[in-house]
Amino acid sequence: MSQFLNLNTNSIDPKIIEGVMSSINDLVFIMRVIGNEFYYYFANENAMEFAGLDHDHDFIGKSIYEVMPADVAKGINENYLTAKNRKESIWYNDVIVKNDTNTYFETVLSPIFDSNGNCTYIVSVTRDVTLSTVETKEKLENELRYRSLFDHNLDSILMVNNEGTIEQANPSTYHVLGYKQKELVGRKVTTIISEKELKEFQNLFTITLQGHSSEIENSIVFHKNGQYIRSHIKGIPIVYKEEIRGIYLIIKNVSSISEKDNYIYYLSQRDQLTGFYKRDQYPTIADRMIKENQTQNQQFAIILFNINRLSHVNETYGYDVGDLVIESVSKILFSYVEQLIGGSSPIIRHSGDEFILFVSMKSQYQIISIVKKLIDLVNVTINIPNRDEKIGISSSVGISVYPKDGNTSDILLRNAERALLACKQKERELYSFYDAKYSSITQNKLCIENLLKQAIDKNELEVYYQPQFSLNNFELVGLEALLRWNNDKLGFVPPNEFIPIAEQTHLINEIGYWVFENVVQQIKKWKEMGYHVQKVAVNLSAKQFYSNEIVQYINKCLNHHNLSPDLLSIEITEGAMVDREETAYILKRLKALNLKIAVDDFGTGYSSLSYLKDFPVDMLKIDRSFVQAITEDKKNAAIVTTVINLAQSLGMDVIAEGVETVEQIEFLKRKNCLKAQGFYFSKPLPANEIEEKYFSSRTS
């Protein structure tokens with residue numbers, strides 16, 4: 001215990017501190033930090049008893065792994081390592097099951113630093129929070145029961161405060177009154193009550209606020225469309241801690257049965273968010289279109305309209321923002337159909353991010369004109385509520401034509417889906433008409449997916465390396481690691497075919513970790529062979545980048561192989577940097593590991609340039625699509641020049657990708673871009689050829 005005093009002031013009697021520690025009900029541990037290992041320095045009585053530690057203090061000076069079971073030690077050690085690396089206190093919760101009883105704990109880990117800023121100790125304080133946690137869970141369960149009754153009630157339910165202002169509305173309010181919640185919140189409830197009914201309604205409101213339920217069996221309320229709805233209204237007081245905080249108004253439509261039946265029938269066919277037909281209406285509508293056009297010997301097109309990257313928006317910002325995107329697109333589609341196509345085309349919400357339009361076809365040119373206009377109109381930027389960020393919306397379209405591409409509703413839809421898939425697989429394609437060759441695309445995709453799942457186990461994946469050169473002296477300055485797949489059935493599968501499938505099927509995380517581990521092992525091997533290894537760049541996919549464990553994995557991998565982070569750089573595509581706050585947080589953690597950060601394919605994404613000042617970026621990589629046309633296209637030349645100047649003004653390095661000609665090299669040198677990679681210098685090569693060509697005569 002006397003050693004513990006060295007962490008504090010010598011002016012306090014050791015017995016006082018010992019008494020304080022003994023009287024604390026919390027579990028207190030003090031761990032000494034040596035490298036990435038943590039050794040017991042002190043534990044109070046409660047901590048020793050709970051952890052089953054010897055009261056003779058035999059555990060003092062031992063590491064967590066020496067004292068605790070391996071599976072327990074691993075989790076504890078990772079938490080301590082996080083506190084050490086972040087250089088700030090962290091909190092986490094645990095639950096321990098003993099005799100079928102859950103005990104809940106809350107722990108705070110606080111690092112202590114010496115005069116040089118090095119973390120030398122970590123203080124752990126753990127508290128039993130079972131009582132408050134159970135109470136919170138019970139409260140949450142009660143709230144969920146209430147929320148279920150509120151959300152799933154078929155009648156409209158309004159939550160109104162004591163002043164008569166609407167604070168919430170359940171989803172059924174849209175079906176009963178035509179209003180969405182955001183249209184009602186903040187309004188006086190009396191604005192939807194018929195003037196003739198106000199006196200009776202005020203009486204109901206007053207009685208309910210006095211703590212008594214009240215009802216009006218026959219009242220009139222206004223629908224959003226201006227129609228009167230005959231309703232049954234019931235008021236129920238909201239009581240919280242014996243205090244009335246407002247009332248619930250339950251509004252039931254008691255219009256005539258025939259009117260109600262018509263309304264329910266309408267709702268059964270329509271999507272709640274957009275008002276478009278639901279997907280189960282497709283066969284009925286398509287069959288009707290086929291019958292009409294067959295009789296008149298005419299053509300029509302099925303336009304399958306897809307919102308690009310909507311799933312990414314949902315994962316990054318949440319489904320509320322995703323719904324905002326869907327609403328914005330649906331309004332554009334509806335307005336265009338109404339104004340330019342004449343309102344004759346039914347629209348179906350086929351899935352979360354897809355819509356189907358039916359358009360009578362006079363010529364292919366006419367359909368192309370309509371599709372291009374739609375894509376143009378949807379290509380907008382919307383503001384994210386309560387965030388200083390914007391989202392760019394883009395779309396892809398697949399088209400099938402009756403009767404050329406099918407004479408049944410199923411075949412036409414399937415072929416429109418194949419056209420859409422083909423469109424997405426072609427870079428920079430915005431729309432695609434169905435072609436018979438697309439029938440094999442879906443089957444090919446499934447084949448690739450199944451074989452890719454076995455690729456790691458069958459040792460079919462290999463990392464190639466593309467050299468990067470200085471344009472001053474044409475010396476090697478680095479390598480970029482690129483994944484290649486050689487399957488025994490398919491042969492070499494192009495990355496642009498299997499990487500998108502890996503990303504869509506979530507195989508990308510497992511493959512990405514395999515690549516990183518392989519690259520680190522290869523660099524280590526080269527160093528041990530005495531080769532002078534320059535920095536190697538490794539690409540991270542968006543899914544990898546935003547996974548919770550990516551920083552911890554990289555740090556663990558580097559430590560395991562005892563490899564300096566100076567030999568690695570991490571490349572993130574511009575399009576992956578959607579969530580500014582989350583991106584900045586992850587990049588700063590990567591920088592804390594002393595890794596270099598590069599933005600790959602710069603200029604092809606839809607992010608704002610302003611993010612560059614917020615992110616710790618070291619290098620911009622100019623996309624090959626700009627570089628390849630710099631000597632023929634003035635616009636591309638201007639873009640490349642701007643990127644180079646921007647990078648230099650921000651103190652960043654810049655490298656050009658896809659360099660293939662002497663003219664491109666001369667242009668880049670004139671603009672002061674002094675690093676490049678591309679087929680002019682070398683195609684990507686396996687590790688053994690890199691050794692033979694670039695390392696055999698160069699050692700560290």
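Rings of Phe, Tyr and Trp (its six-membered ring) pair if their centres lie within 6.5 Å; planes under 30 degrees apart count as stacked, over 60 as edge-to-face and the rest as tilted. Keep that in hand for the aromatic stops. This is a predicted model, where local features need pLDDT of at least 70, side-chain atom pairs count only at pLDDT 80 or more, and totals for chains, interfaces and linings use all residues. Residues are numbered from 1 along each chain as its sequence is written, and side-chain values use heavy atoms, with hydrogens and water left out.

**Stop 1: aromatic rings**

Select Phe-469, Phe-474, Tyr-680, Phe-681 and Tyr-694. Ring pairs link these residues into a cluster. The structure holds 21 aromatic pairs. Next, pick Phe-516 and Tyr-553: this pair is edge-to-face, 6.1 Å centre to centre with 65° between the planes. Phe-516 sits in helix α18 (residues 508-528) and Tyr-553 in helix α20 (residues 550-560), so the pair ties together parts 37 residues apart in sequence. Helices are DSSP runs of H or I, at least four residues; strands are runs of E, at least two; both are numbered from the N terminus. Phe-516 is buried, at 2% relative accessible area. Buried means under 20% relative accessible area, exposed over 50%, partly exposed in between (1.4 Å probe, protein chains only).

Phe-695 belongs to helix α26 (residues 687-695), 169 residues from Trp-526. Both residues are buried.

**Stop 2: Gln-468**

Select Gln-468 in strand β19 (residues 461-470). Gln-468 is buried, with a relative accessible area of 8%. Its side chain makes a polar contact with the side chain of Gln-677, at 2.7 Å. A polar contact is a pair of N or O atoms within 3.5 Å; within protein, one must be able to donate a hydrogen and the other to accept it, and residues adjacent in sequence count only if both atoms are side-chain atoms.

**Stop 3: an open sheet**

Show the 5 strands in the order β7-β6-β10-β9-β8, with antiparallel pairing. Two strands pair if DSSP finds at least two bridges between them. The edge strands are β7 (166-169) and β8 (214-222), each pairing on one side only. Strand β6 (residues 156-160) pairs with β7 over 3 bridges. Zoom in on Leu-158: its bridge partner in β7 is Ala-169.

**Stop 4: helix α13**

Select residues 319-339. At 1.5 Å a residue, the 21 residues of α13 should span 30 Å, and its end C-alpha atoms are 30 Å apart, which agrees. The expected span is 1.5 Å times one less than the number of residues. Buried residues here include Val-321, Glu-327 and Tyr-336.
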